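Here is a short briefing to read alongside the structure. Take a look at the model first, and then we can walk through a few of its features together.

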Amino acid sequence: MAKRIDVSGLTAYYGSHKAIDDISMTVEPRSVTAFIGPSGCGKSTFLRTLNRMHEVTPGGRVEGKVLLDDENLYAKDVDPVAVRRTVGMVFQRPNPFPTMSIFDNVAAGLRLNGTYKKNQLAEIVERSLRGANLWNEVKDRLNKPGSGLSGGQQQRLCIARAIAVEPDVLLMDEPCSALDPISTLAIEDLIGELKERFTIVIVTHNMQQAARVSDRTAFFNLSAVGQPGKLIEIDDTERIFANPSVQATEDYISGRFG
Amino acid sequence: MDTATTTSAPPPRAPQQTGTTRGKPRPGDRIFLGMSRGAGIFLLVIMAAIAGFLTYRAGIAISKDDANFLTTSEWNPAGDPPVFGIAVLAFGTVVSSVIAMVIAVPVAIGIALFISHYAPRRIATPLAYVVDLLAAVPSIIYGLWGAIFLVPYLDGLNSWLNEYLGWTYIFEKTGEGVARNLFTVGILLAIMILPIITNVTREVFLQVPKMHEEAALALGATRWEVIRMSVLPFGRSGIISASMLGLGRALGETMAVAVVLSPSFVISGHLLDPGGGTFAQNIAAKFNEADEFGRDALIASGLVLFVITLVVNGAARAIIARRKEYSGANA
């Protein structure tokens, strides 16, 4: 079930350092929203506030509200562990569990959530691997370790693992930055398919990628090193790349800085 | 003898000079090559010398032994004919070490996890320091503490175990006497090997890559689930290595055992019965009074301890190697 994300007045800190300042935006369900901006502008930090991963870092804390449909993820009685079960995440470097087989990697999240019958588990694993366009490549070696796959396959394995638990939202933190162009293309195609079912937010350093995969694009910037990152604007991707309303966005996209 | 630390790596080769850059090897490279190669050879020579010495002297003793050296529960090399065997010693050494491992490994993993993943840094650093201090206590001090403090306290525990768990056979107490038994030795050894296992496993747990822990966290794992999914599997071979280091120390521990145990040449499955003995304790107790032949007999028992340690280490390496393709090192 894809859900809408509604962020208002979100500020995140590392200890006393303010990493992002007062961000508000809405992310539509069943769409891809890309975050772009120079290094250090806080786009990854912001992404990690959306599933409460930011507070895992020592000293990390957050002020403000993140509504998933109508539920505030930062309400007092919300368990961050429960949040992460409904908001999945894919990381910059593929990180399948090295000690688990391909099958167990995909089943890992399911086993956390509850008990499944054996055939039920096998069915969901197959569906998730198909969903991640990986099934045909690994169906004969499900019991082999996930770390034996290529980088691009590992990343798709991580996507399969994330979608196996049917999250409401899928967050991707530069999912292709460690991959070669062909694997990148495979992931981008996959993102196009996944957005029919999930709300997807992707951080990318690659502006062509943002233009190719996303429906909406948010541009983040910081006024100087050490200053908190800010959301400059968010708009339809076509508009951002053709005719942004803020000069800084145009400068960044046309390569004048960053 | 602790062989877990003495694995020899092949000496690194000097960089090969090829093609147009060929030239005279630089003196620094040659000196370093010589030094590292020499160190590697030196280690092999020492190992061979120890093994050769043990085998030679043991051969002298065993050839004159009138009884089966491996199965006899008696130690009388001065007799005519000489009769001695290591059955009691092997049993006592293995049993006390197993007790030590059963107690120490889970506790050490618990402490290591607490220091690496649960405790706030304010507490973790001093706690790690205290564990290090535990390793710095000399073993004779452990022995004295065990004999004077631990034994009287364990008398009570022993009667309790005998009363409520006596039906398990191993905790049944059939003989009289204070708690100078293999069970007490096992507890003492557990305390002694705790720091080394804790320190090594803690180091391994701290090296678990952040991205593996985050992988589990992002799936909605609780802290314990993160540890189960990422930390323990990654640390698996490290835990085995650490346990082997501890086991090596437990098998060879001499003074503490010699002070605590009241030795006898009886094999008893009742752990709480006084008596028994270990290789190292027996050598320490008898070496001074033994004549030339008696010493050879003791050396023969030392050879068996050496072999047991080698086998244990080999087994541990085999376990680690068998799981290699799933190891965290592939990440």
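Contact here means heavy atoms within 4.5 Å, and helices and strands are DSSP runs numbered from the N terminus. Please keep in mind that this is a predicted model.

**The interface**

- Chain A contributes 26 residues to the contact, and chain B contributes 24 residues.
- Between them, the two chains bury about 2100 Å², with 65% of that area on carbon and sulfur atoms.
- On the chain A side, the residues losing the most area to chain B are Phe97(A), Thr99(A) and Leu112(A), which together make up 28% of what that side buries.
- The rule finds 2 salt bridges across the interface of chain A and chain B.
- Arg48(A) and Glu214(B) meet through their side chains in a salt bridge, at 2.7 Å from N to O.
- In chain A, helix H2 (80-86), strand E6 (87-90) and helix H3 (102-113) each supply at least two residues of the side that touches chain B.
- Sorted by class, that side of chain A has 14 nonpolar, 6 polar and 6 charged residues.

**Helix H1 of chain B**

- Helix H1 of chain B covers residues 27-64, and at 1.5 Å a residue its 38 residues should span 56 Å; the end C-alpha atoms are 55 Å apart, which agrees.
- The buried residues in H1(B) include Ser36(B), Gly40(B), Leu54(B), Arg57(B), Ala58(B) and Ala61(B).
- Among the elements covering the buried residues of H1(B) are strand E2 (83-84) and helix H10 (292-322) of chain B.

**Glu292(B)**

- Helix H10 of chain B holds Glu292(B).
- Glu292(B) has a relative accessible area of 54%, so it counts as exposed, the cut-off being over 50%.
- Between Glu292(B) and Leu310(B), 18 residues apart along the chain, the C-alpha separation is 27 Å.

**Glu55(A)**

- Glu55(A) sits in the loop between helix H1 (43-49) and strand E4 (60-68) of chain A.
- With a relative accessible area of 27%, Glu55(A) is partly exposed.
- Leaving aside residues up to four places away in sequence, Glu55(A) touches Gly60(A), Tyr74(A), Pro80(A) and Arg84(A).
- The side chains of Glu55(A) and Arg52(A) are joined by a polar contact of 3.0 Å.
- Tyr13(A) is 42 residues from Glu55(A) in sequence, while their C-alpha atoms are 9.1 Å apart in space.

Terms used: Residues numbered from 1 in each chain as written. Chains lettered and ligands numbered in written order. Predicted model: local features only at pLDDT ≥ 70, side-chain atom pairs only at ≥ 80, totals over all residues. Heavy atoms only, no water. Buried area = accessible area lost by both parts, 1.4 Å probe. Salt bridge = Lys/Arg side-chain N within 4 Å of Asp/Glu carboxyl O. Helix = DSSP H or I, 4+ residues; strand = E, 2+ residues; numbered from the N terminus. Nonpolar A, V, L, I, M, F, W, Y, C, P; charged D, E, K, R; others polar. Expected span 1.5 Å × (residues − 1). Buried < 20%, exposed > 50% of the residue type's maximum accessible area, 1.4 Å probe, protein only. Polar contact = N/O pair within 3.5 Å; in protein donor to acceptor, adjacent residues only side chain to side chain.
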